[in-house]
Amino acid sequence: MAHRPPRKLKKTLLGSGAVVVLASLNAPAAISFVEEKYHAYKIAQPGYQRRFGSWAQVDVPKGYDVNAIHAALLHTGKVLLIAGSGNDQEKFDSGTFDTVLWDPKKNTFKKVPTPEDFFCSGHAHLPDGRLLVAGGTARYEILDGEVKKAGGGMRVKNENPDKAVTLRKGTVFRSPSGVEYVTKFDVTVPRAKREFEISYSRSGQMKPWRTKVTAAEARVFVEAKKEGAQALTTEAAQYEVVGLEGEDVDNVYGLAQRLTTEKQDFQGIKAAYEFDPKAEKYVPVAPMRDARWYPTLVALDDGKVLAVSGLNDVGDVVPGDNEIYDPETKQWSKGPFRYFPTYPALFLTKGGKLLYTGSNAGYGPAEKGREPGLWDLEKNSFTKLGGLTDPDQLETSASLMLPPVQNQKVMVLGGGGVGESPKSTPRTSIIDLSEETPVFRDGPALPQGTRYLSSVLLPDDSVFTTGGSREYRGRSGSDILKAQFYDPRTNAFTAAAEPTVSRNYHSEALLLPDGRVATFGSDPLFDDKDNTKLGTFEQRIEVFTPPYLHKAGPDRPVLGEGPREIDQNGRATFQTGHAPRVTKARLMRPSAVTHTTDVEQRSVELGLTKRSDSITVEIPQDRSLVPPGWYMLFVTDGDGTPSEARWVQVR
């Protein structure tokens, strides 16, 4: 009687035979198949995950997938994913704007009514936990060769000191030669400024008062009614406003110089809202003074927020007119004047100055506003900082304040040339602001030149970096499926588990309260190496579990009951059965990130007092180190294993 192999062995032999046959027909395919299977086996092993961590994709219900252009962690533990029109012209034209609220703990999703196109807006956390969202898209770009009707900025003048004038979208301006142009947006021109001049004769007698009126001005984008060369002009002229009556005919008029069919850039909006995490809705506040698209919003030490840069309502980079939002009054006021390219990386440093690392995204001339420096807002002085390698490759670079913030060290990672440049750099640079004369010094190089790198502070004082691409928007299949840890203590990178979803332009990553890292978005130009297949927006969410959670398993420190607010002495006490094993405590400000720009995240070292069943933490009194707001409180043990975060408010 012939021997029959066991069923399990038979399946194994048949599988091996199938591979042999496949290999004989197509050796490269067989090798790739085997390699993929082995790789999947390897990364699932506990030993591998304890060393490198692991990735898992989130199950997103149909209908809740979103083009995540912006991501912000709220103090409810939920993540606000803002798309607006999501870089989709059809959605913009139809007025379909999206926001999705994701609860990573329950993995639930909720759609939020979105009143404006917040695509490419700015955002910052406010002291009460609301998220300020300001700016966005008024008009999509039209590329060279595609502009059919002449257009440009029209300066609208009002010489009436008694009233403001509002011109609705569609108002017609007529040139001296009879060519007509139409406004694309509403515009309100303030009333003119009336001043009384007093003069005296030689004998000292007061002469009759003289009144001086200075015309008020506002700007609006106009477009010719008809196509044709007759609408092109590069000469200054005054334009009649069609349809005005009475004294407005003489008082209100337009001035324009360049109305052309050159490329028309994106245009910004003035709208501003606070997102209420409890009501889970947008609440309108006073609009900004300037329209902004691609602005940076940075929280200051007094709880106010500075809005910087962006493209304005005619598609120009705001020339330096910055403004400050007061969350108490819900109003904007004039800020210190300084020019920056769009989405500049600005960090609040000890003493209240802002560090500009040179990192930025997208728009502005190559020779203007690119040098790093320290900006004193009170004096409006700017001290340039040198030492950077590859200073011409700061666009789409990542920047962050290294942990803890008390060390005042800031790191710049990767980046590329201005615009659609193919250049990218593996350079990292670190500056120590505590030095008498701080300069950037090279850190360890990234594995390759990298643009759009996501960089996230972890509660164990390391930095997790992931994704990016070598070329502009992942062109030529240049996305980088790699991740690594940076340790500030050793000044070195070590490898992390590789993500399965590639990320480049319009991608984000942020720390979750449970110690994991969530990644979103990506907007490649093409989906293939030959640049023939147009790209599609990446809507999958992938979450990284760091090694410290795999090592600890369920045995991680636990923070028990405690206050929701730091007291007036800067202290808070929490019950815990793990007090003896706790070695460090960190306050971590939640992220609000877009376009590789996250100026919110920071890690603050806390004083730590331990008792047998509790710990007391103490925060620094300097609000330039700890701006008011909600923070995640993590404690870690000697192995670097963090607790889940407790949310606490700093006033």
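**Close-up views of ring pairs and cavities**

**View 1. Phe275 and Tyr282, both buried, form an aromatic pair**. Both Phe275 and Tyr282 are buried, where buried means under 20% relative accessible area, exposed over 50% and partly exposed in between (1.4 Å probe, protein chains only). Their pair is edge-to-face, with 5.1 Å centre to centre and 75 degrees between the planes; rings of Phe, Tyr and Trp (its six-membered ring) pair if their centres lie within 6.5 Å, and planes under 30 degrees apart count as stacked, over 60 as edge-to-face and the rest as tilted. The model is predicted, so that local features need pLDDT of at least 70 and side-chain atom pairs count only at pLDDT 80 or more, whereas totals for chains, interfaces and linings use all residues. Residues are numbered from 1 along each chain as its sequence is written, and side-chain values use heavy atoms, with hydrogens and water left out.

**View 2. Tyr325 and Trp332 form a tilted aromatic pair**. Their rings are 5.0 Å apart centre to centre, with 50 degrees between the planes, and both Tyr325 and Trp332 are buried. The count of aromatic pairs comes to 30.

**View 3. Ring pairs link a cluster of aromatic residues**. The cluster consists of Phe92, Phe119, Tyr140, Phe266, Trp293, Tyr294, Tyr343 and Tyr363. Tyr343 is also one of the residues that line the second largest cavity.

**View 4. Lys368 lies over the face of Tyr339**. The distance from the ring centre is 4.2 Å; a charge sits over a ring if NZ of Lys or CZ of Arg is within 6 Å of the ring centre and within 35 degrees of the ring normal.

**View 5. The largest cavity has a volume of about 90 Å³**. On a 1 Å grid over the protein atoms alone, a cavity is a set of points where a 1.4 Å probe fits but cannot get out, and lining residues have an atom within 4 Å of a point. The lining includes Ser399, Ser454, Glu508 and Asp598, and strand E38 (507-511) gives the most to this lining, with three residues. The lining residues divide into four nonpolar, six polar and two charged.

**View 6. The second largest cavity has a volume of about 70 Å³**. Strand E6 (122-125) and strand E22 (296-299) each supply at least two residues of its lining, strands being DSSP runs (E, at least two residues) numbered from the N terminus. Asp598 is among the residues lining this cavity.

Notes
1 Å grid on protein atoms, 1.4 Å probe; cavity = no way out; pocket = protein on both sides within 12 Å on 5 of 7 lines; lining within 4 Å. Points joined across faces, edges and corners; volume = space filled by probe spheres on them. Helix = DSSP H or I, 4+ residues; strand = E, 2+ residues; numbered from the N terminus. Nonpolar A, V, L, I, M, F, W, Y, C, P; charged D, E, K, R; others polar.
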